[in-house]
Amino acid sequence: MLFNSFDFALFLAAVWPVYRLLHQRRLPRLLWILAISAFFYGCWKPWYLILIFASTAMQFFVGARIHAAATETGRTRWLWTGIIGDLCLLGVFKYGNFFLGNLEALAAAAGQPLSLPPVPAELPVGISFYTFQTLSYIIDIWRRRIAPEKRPLDFAVYVFFFPQLVAGPIVRAADFLPQLRRRPRLDALAIGEGLFLIVAGLAKKMVLADTLNATVVSPFFANTAGHGTAETLYALWAANFQVYCDFSGYTDVATGAALLFGFTLPQNFDRPFWSQTPMEHWRRWHISLSTWLKDYLYIPLGGSRGSAARTDVNLTMTFLLGGLWHGAGWSFVVWGLYNGLLLVAWRRWGPRDGTTRWGRAWRTFATFNAICLGLVFLHAHSFAEAGAALAGLLRPVGGVTPNLHPGGLAAFAGAVALHWTPQGWKRRLQDHFAVAPAWALALVLLLAGGVLSMFSELAAPFFYFQF
């Protein structure tokens, strides 16, 4: 059930009034949230529920055992039991066929061909996100930052909560579980704020991201050869804004839907293309993942506490594994390695002038383009196509007619303008929307639905669903 589908609108319209009736009583509202979240997730494939129930039950039990263990050795042993359990789920269902394929290739190269049976399953939607949530839960218990949740229902709601289940934001137990103990805020202001974010997120996704994908990005990556510098840069810039509008649009819808049910999700984007360094970019982009990688991978590896060379290794390893988290393929590994090495190179040799207007502008422009180059490996269908795309940057005049589709140009201009619009404007517009009378909200929602339906033919899956 996609956020940009009519089915999701019907889903919200059906389940929210019941929640409104139940929300003052704790047990009924939590049972209802769990039931509708399980239904929402099971709409993709019912067997997905087996995996998420297994991960939830395992980590609830492991968290309790870590807390109850009498010795540090026992606590650590239970921690590794939980980590290995979750990583086994990922290893089989996300990376199984990738590992088997590479094993067959190595055996063939050694003159000992193998024919291994593939894992008979497709990638379960959202498994990377809820696995990271349950891992952070048991690690935080082991670090004594939180106590284990005593109520299985509360923990299940934390893992299953449908707005952020499929593609984040990655929510920490310390931030979400306390919200379950409070009566949710369902006043008119919260509802208005939630509806605004849903409409704004769908507009980002359907009007801007899907138009850029259909008119610029997909045509370019369907045939990357022969383009010149200008059209290649335009396509790469459009691809960067397409991913931003797609994923930040998803986050807006998720945050808005959570507000309708009285919950607050963490911020996941903070105008990342304002960044003056790649390090700043990753502090502003997919913030919940970046902070997860920092807290649970980079810092345990040693962070920046050792020598400069050791810090470089830690950065590279963190982004290499972060790239592999994004997908089971060598293109994701290369993308992660590229971004890790980019941070290392920037720390040592990147432009330093951040005191003048032109110095800041140059750093921002250079950072944006450096990030765009890495996206080639996420969009191209092969390394050969990625190489052809990058080669276009060195070809002043291409042999392909520049793609100047009016819709694509308009969507690109709209995405750029939206990103550079002051945040205060969006907040004031949201405040005005939230306090508008009910008839005005209904009219705006009706008009928005009509406009969005005009772009439904361009609909594409959310970019991060593949991860």
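Which residues form a nonpolar patch on the surface? Val313, Met317 and Leu321 form this patch, with about 220 Å² of accessible area together. The model is predicted: local features need pLDDT of at least 70, side-chain atom pairs count only at pLDDT 80 or more, and totals for chains, interfaces and linings use all residues. Residues are numbered from 1 along each chain as its sequence is written, and side-chain values use heavy atoms, leaving out hydrogens and water.

**Surface patch**
- Accessible areas come from the Shrake-Rupley method with a 1.4 Å probe, and for residues only the protein chains shown count as cover.
- Valine 313 lies in helix 14 (residues 308-326) and is partly exposed, at a relative accessible area of 40%; buried means under 20%, exposed over 50%, and partly exposed in between.

**Helix 11**
- Helix 11 (residues 229-260) has 32 residues and reaches 46 Å from its first C-alpha to its last, close to the expected 46 Å (1.5 Å times one less than its number of residues).
- Of its 32 residues, 28 are buried.

**Whole chain**
- The chain has 20 helices and zero strands, counted as DSSP runs (H or I, at least four residues; E, at least two) numbered from the N terminus.
- Of the 467 residues, 51% count as buried.
- The C-alpha trace spans about 65 × 65 × 50 Å along its principal axes.

Technical notes:
Patch = residues over 30% accessible without salt bridge, like charges linked within 9 Å, V, L, I, M, F, W, Y side chains within 5 Å. Salt bridge = Lys/Arg side-chain N within 4 Å of Asp/Glu carboxyl O. Buried < 20%, exposed > 50% of the residue type's maximum accessible area, 1.4 Å probe, protein only.
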